[in-house]
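Q: Please take a close look at the aromatic rings in this model and at the packing around them. Where do they sit, and what lies next to them?

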Amino acid sequence: MAGRRSLGRRFGWLWGAYAVSTAGTWLAFDAFALIAVLALDAGPAQVSLLAAVGPAVGAVVSVPLGPWVEIRRKRPVMMAADLVRCAVLLSIPVAFALGRLTFGQLLLASVAVAAADITFNAAAGAFLKDLLPRQDLLVANGRFEATTWTASMVGPPLGGAAISLFGPVTTVVADAVSYLLSACGLRAIGDAEKPPVRPDPAESRRPGGLLEGWRHILADPVLRPLFLNSLAVNSLIMAASPPLLILMVDDLRFAPWQYALAFAVPCTGGLLGSRLAPRLVARHGRCRVLLTAGVLRACWPVGLAFTGPGAPGLVSVMLVEFGLITCCAVFNPVLATHRLERTPTGRVTRTLAAWSATGKAATATVTALWGVLAAWTGPRAAIALAGALLLLTPLLLPRRDHRTGAGAERAAVAVESDSG
C-alpha cells in the first residue's frame, strides 16, 4: 500500500508549527471570555464587546501591515508574529498572578492577537506558495484543514477540563507556549526562502498601495464572488452561534457538556471532508467542487432553528453540524488553493490580509447585530433568519470554470488519492 506522500522536510516543519499553534488555539477556545466571566465578573455586554471589538479593531490594525510584509521575507515575519502572540498572551497570567488583570488588558490583548493572526496567515500563504510547487498546494491545504478540525474536536473539551482543574488562565499559558514552539519549528525550516518580489517604484510610492489586495480580489471574476460568498457564509454561521448557545443551554436546558459534545463530535466531518477534497477535485474539477460544496454548506444551518429538547434535539444538532462541517472541509482547502493560484506572487500577502481582515470585521459586525436581533425576537427566530439568508448565498458563487493548469492540479490530487 502506498504511504502518504511526503512534501519534504521543510513542509514537515511548517506543518508541525501549524499543528502545535492550532492545538494551542483550540485548547484556549473562548479563554478570554471565560477569564472575563470567572476572574473579572464581566457581564454579557462586556463579553460581547470582547468578542466583537477585539477582532474588528485587530483587523483594521493589520491592514497597513500587508504592504510592509509583502516586500519582506515571510518566515521571519511569521516567527515575529508567533513571538508577539506568545508575549501578549503571557502578560495575562502574569497580571492575573499579581492581581493586576483588567478588562482593558484583555481587550488590548484581543486586538493584538487578532492583528498578529491576520499578519501571520497572510505571510504563511505567500510562504507556502514559495515553498511548494503548484501541483502540491491542494494536498498541503487539505492537510492543514484536517489539522484544524482535529484540533477543534479535541481542544475545547480538554481546555474546559484544564480550566476546571487548574484555573481560568491555564489554557492561555498553554496557547502562549504553543506559539513559542511554532516559532522554533519555523526556525528549523532553514533560510532557503526566495527573495521577495519588489514592487516597481511607482507602485511602492502610491498611497493606495495598501488597497492592492482588495483591488485584486474585486477585479478577479472568480475571486470576487468567492470573496463575497465567504464573507456572507462565515458571518451568518458565526452570528447564529451565540443565539444557539442560549437556545440550547438556557431555553432547552442542555448541560454545558452536552452543548460541547454537540459540536465536538461533528468535527469528525472535518477530517472526512479534508480527505475527500483532493479526490473530488481529481474526479469532478475544481469549479464543480466549489459550487457543489458551497451550495450544500448553505443548506444545513437552517435546521438548527428546529432544535428540540432531550436526546433527539442533541442528535439533530450533531447531524446538522456534521453535514455543515463536512461540506466546509471540502470547500475550504479548494478555495485556499484556488486563491493562491489566481494571485500573483507580489500580491499574495496583501490579498490574504485584505481577505482575512474583511472577514473578521464582517463577522464581528454581523455577530453584534444578531445579538441585538436575538434579544428582540428570541434565539430561535434569529437562528432561523440566519439560516434563511444562508440559503441565498450560493447565488454569489462563480458558475464558470476559470481554470489555470487543470492538468497539473489533477496530477497532484491523484497522488494524494493513492495514499489512502
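**Rings and their surroundings**

A: Phe29 is partly exposed, with a relative accessible area of 42%. The cut-offs are under 20% for buried and over 50% for exposed, with partly exposed in between (1.4 Å probe, protein chains only). Trp26 is also partly exposed, at 24%. This is a predicted model, so local features need pLDDT of at least 70 and side-chain atom pairs count only at pLDDT 80 or more, while totals for chains, interfaces and linings use all residues. Residues are numbered from 1 along each chain as its sequence is written, and side-chain values use heavy atoms, with hydrogens and water left out.

Now the pairs. The structure holds five aromatic pairs. Phe11 and Phe144 form a tilted pair, with ring centres 5.6 Å apart and planes at 50 degrees. Rings of Phe, Tyr and Trp (its six-membered ring) pair if their centres lie within 6.5 Å; planes under 30 degrees apart count as stacked, over 60 as edge-to-face and the rest as tilted. Phe11 lies in helix H1 and Phe144 in helix H7, so the pair ties together parts that are 133 residues apart in sequence. Helices (H or I, at least four residues) and strands (E, at least two) are DSSP runs, numbered from the N terminus. Phe11 is buried, at 2% relative accessible area. Phe144 is buried as well, at 13%. The pair of Trp26 and Phe29 is stacked, with 5.2 Å centre to centre and 20 degrees between the planes. Ring pairs also link Phe11, Trp15, Tyr18 and Phe144 into a cluster.

Next, the core. The largest nonpolar core has 32 residues, and those with the most contacts inside it are Phe11, Leu14, Met78, Leu128, Leu132 and Leu186. Helices H1 (9-27), H5 (74-97), H6 (103-131), H7 (137-166) and H17 (348-377) each supply at least two residues of this core. H6 gives the most to this core, with nine residues. A second, separate core has 21 residues, among them Val88, Ile92, Phe103 and Tyr179. A nonpolar core is a set of buried Ala, Val, Leu, Ile, Met, Phe, Trp, Tyr and Cys residues joined through side-chain atoms within 4.5 Å.

Leu128 is placed in helix H6. It counts as buried, at 3% relative accessibility. Leaving aside neighbours within four places in sequence, Leu128 is in contact (heavy atoms within 4.5 Å) with Phe11, Leu14, Leu137, Ala140, Asn141, Phe144 and Leu340. Both rings of the tilted pair, Phe11 and Phe144, are therefore on its contact list. Leu128 and Leu340 are 212 residues apart in sequence, yet their C-alpha atoms are 9.2 Å apart in space. Leu14 touches Met78, Phe127, Leu128, Leu131, Phe144, Leu186 and Ile189, not counting residues up to four places away in sequence.

Another pairing across the sequence involves helix H17, where Ala368 is found. Ala368 is partly exposed, at 41%. Ala368 and Leu49 are 319 residues apart in sequence and 8.5 Å apart in space, C-alpha to C-alpha.

The protein has 19 helices and zero strands. Of its 420 residues, 51% count as buried. Among contacts between residues at least 6 apart in sequence, 88% join residues at least 24 apart.

Arg253 is found in the loop between helix H12 (241-251) and helix H13 (256-264). Arg253 is exposed, at 66% relative accessible area. Its phi is positive, about 65 degrees, although Arg253 is not a glycine. Most residues other than glycine have a negative phi.
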